[in-house]
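Trainee: I am new to this structure. Please take me through one part of it closely, and then show me what lies beyond that part.

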Amino acid sequence: MAVRSPAHLQVNDVSVTYHHAARPALEHVTFGVPEGMRVAVVGPNGAGKSTLFKALVGLLPIQRGEILIHGVAFGAHRECVAYVPQREQVDWRFPVNVQDVVMMGRYGALGWFKRPGKHDRAIVARCLEQMGIAPLAARSIDELSGGQQQRVFLARALAQEPHILLMDEPFTGVDTTTQAATLTLLDELKTQRVTLIVSTHDLNLAATHFDRVLLLNHRVIAYGAPPQTLTSENLLRAFGARAVLIENKIVVDECCPPEEQRAESESE
Ligand code: ADP
Ligand code: MG
């Protein structure tokens with residue numbers, strides 16, 4: 001992997017509001033992630049987790065605040081941040097083969113008009129192998145299972161050789177082989193000091209595989225080591241009274257908004 005300066009990510013007072021939305025999806029979000037740290041982002045549906053990831057990779061404009069990577073405003077070194085989107089947010093009908101998707105991870109390093117060389121092809125082959133999808137290299141992604149598709153996107157992110165890797169709900173709706181491959185990948189990337197930010201609904205996973213938890217519900221409810229963050233009081237503030245723990249996964253009755261939102265609407 002290329003020589004790097006520390007992959008410090010600093011998010012300062014960031015707010016994002018979608019066009020025509022009544023309230024911001026993210027409000028005054030501030031947190032910092034040192035190099036090589038693994039952060040789990042936990043929060044109810046609609047909390048702004050995907051919005052945060054999109055803002056971090058410049059797919060959404062921020063109306064307020066700043067995002068600094070290596071101490072510099074995002075944009076200067078875009079290619080050092082890789083992003084694996086949430087499954088539902090990808091148009092899987094796009095007719096492109098697995099190897100080409102993974103090669104897209106190399107374009108940041110290559111520049112769009114240069115052709116991939118031997119070195120790039122070797123990296124792509126290694127990433128396909130690592131995610132257990134080498135035999136699928138020539139297949140079109142729309143023919144694959146959900147888990148295989150996810151592993152293609154993970155391989156693409158790996159091929160980018162990122163300093164910071166963002167994964168939006170990589171454990172949701174995929175088979176156990178893919179979950180296991182993703183967990184192995186998390187461990188491997190830790191040894192390479194890649195900074196990881198991963199959203200999940202699995203509190204067990206957040207507590208066991210991550211150094212910090214960012215508990216989010218439009219604002220930062222809590223941020224820190226899992227035992228200090230995943231307290232019943234914080235979970236109640238983030239998820240509301242209808243949140244229940246089933247095998248350490250948060251299940252929320254979605255008909256009932258969290259406390260904070262309910263208090264707001266009741267006072268209106
Ligand atoms: P999460 O990933 O935590 O489920 P999202 O980031 O997807 O949450 O959504 C945060 C909020 O922004 C929600 O209220 C959602 O309805 C809203 N939102 C998300 N995407 C859009 C969009 N493209 N246009 C308008 N509002 C959106
Ligand atoms: Mg989401």
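How do the residues of the shell around ligand 1 divide into nonpolar, polar and charged?

Mentor: Keep in mind that this is a predicted model. The shell around ligand 1 holds four nonpolar residues, five polar ones and one charged one. Now put names to them. Tyr18, Ala25 and Pro44 belong to the surroundings of ligand 1. So do Asn45, Gly46, Ala47, Gly48, Lys49, Ser50 and Thr51. Lys, for instance, counts as charged, while Gly counts as polar.

Next, look at the atoms.

Start with Gly48. Here the backbone takes part: one of its N or O atoms is 3.0 Å from an oxygen atom of ligand 1. Go on to Lys49. This time the side chain is involved, with a polar atom 2.8 Å from an oxygen atom of the ligand. End at Thr51. An N or O atom in the Thr51 side chain lies 2.5 Å from an oxygen atom of ligand 1. How much of the ligand does the protein cover? On its own, ligand 1 has 560 Å² of accessible area, and the protein covers 58% of that.

Stay with the shell for one more residue, Ala25. It is found in the loop between strand S1, residues 9-16, and strand S2. Its relative accessibility is 11%, so Ala25 counts as buried.

Is His20 buried or exposed? His20 is exposed, at 75% relative accessibility. Its side chain makes a polar contact of 3.4 Å with the side chain of His19.

Now follow the chain into strand S2, residues 26-33. Phe31 lies in this strand. Phe31 is buried, with a relative accessibility of 3%. Its partner is Tyr223, and the two form an aromatic pair. The structure holds one such pair. The arrangement is edge-to-face. The ring centres are 5.6 Å apart, and the planes make an angle of 65°. Why call that edge-to-face? The cut-off is over 60 degrees between the planes, so an angle of 65° qualifies. Tyr223 sits in strand S10, residues 219-224, so the pair ties together parts that are 192 residues apart in sequence. Tyr223 is partly exposed, at 24% relative accessible area.

Arg219 is partly exposed, with a relative accessibility of 36%. In sequence, Arg219 and Thr30 are 189 residues apart. In space, their C-alpha atoms are 8.7 Å apart.

Look also at the loop between strand S9, residues 212-217, and S10, which is the place of His218. His218 has a positive phi, near 65°, and it is a residue other than glycine. His218 counts as buried, at 9% relative accessibility.

His70 also has a positive phi without being a glycine, at about 55°. Where does His70 lie? Look in the loop between strand S4, residues 64-69, and strand S5, residues 72-73. His70 is buried too, with 18% relative accessibility. The cut-off for buried is under 20%, so His70 falls within it.

Two places remain. Go to helix H4, residues 118-130, to find Ile123. Ile123 is buried, and its relative accessible area is 3%. Ile123 and Gln160 are 37 residues apart in sequence. From C-alpha to C-alpha, Ile123 and Gln160 are 9.0 Å apart in space.

Finish at Phe153. The charged end of Arg156 sits over the ring of Phe153. The distance to the ring centre is 4.6 Å.

Then take Ala25 in its loop between S1 and S2, and move on to the pair of Phe31 and Tyr223.

How values were computed: Residues are numbered from 1 along each chain as its sequence is written. Chains are lettered from A and ligands numbered from 1 in the order in which they are written. This is a predicted model: local features need pLDDT of at least 70, side-chain atom pairs count only at pLDDT 80 or more; totals for chains, interfaces and linings use all residues. Side-chain values use heavy atoms; hydrogens and water are left out. A residue is near a molecule or strand if one of its heavy atoms lies within 4 Å of it. A polar contact is a pair of N or O atoms within 3.5 Å; within protein, one must be able to donate a hydrogen and the other to accept it, and residues adjacent in sequence count only if both atoms are side-chain atoms. Accessible areas come from the Shrake-Rupley method with a 1.4 Å probe; for residues, only the protein chains shown count as cover. Rings of Phe, Tyr and Trp (its six-membered ring) pair if their centres lie within 6.5 Å; planes under 30 degrees apart count as stacked, over 60 as edge-to-face and the rest as tilted. Helices (H or I, at least four residues) and strands (E, at least two) are DSSP runs, numbered from the N terminus. Buried means under 20% relative accessible area, exposed over 50%, partly exposed in between (1.4 Å probe, protein chains only). A charge sits over a ring if NZ of Lys or CZ of Arg is within 6 Å of the ring centre and within 35 degrees of the ring normal.
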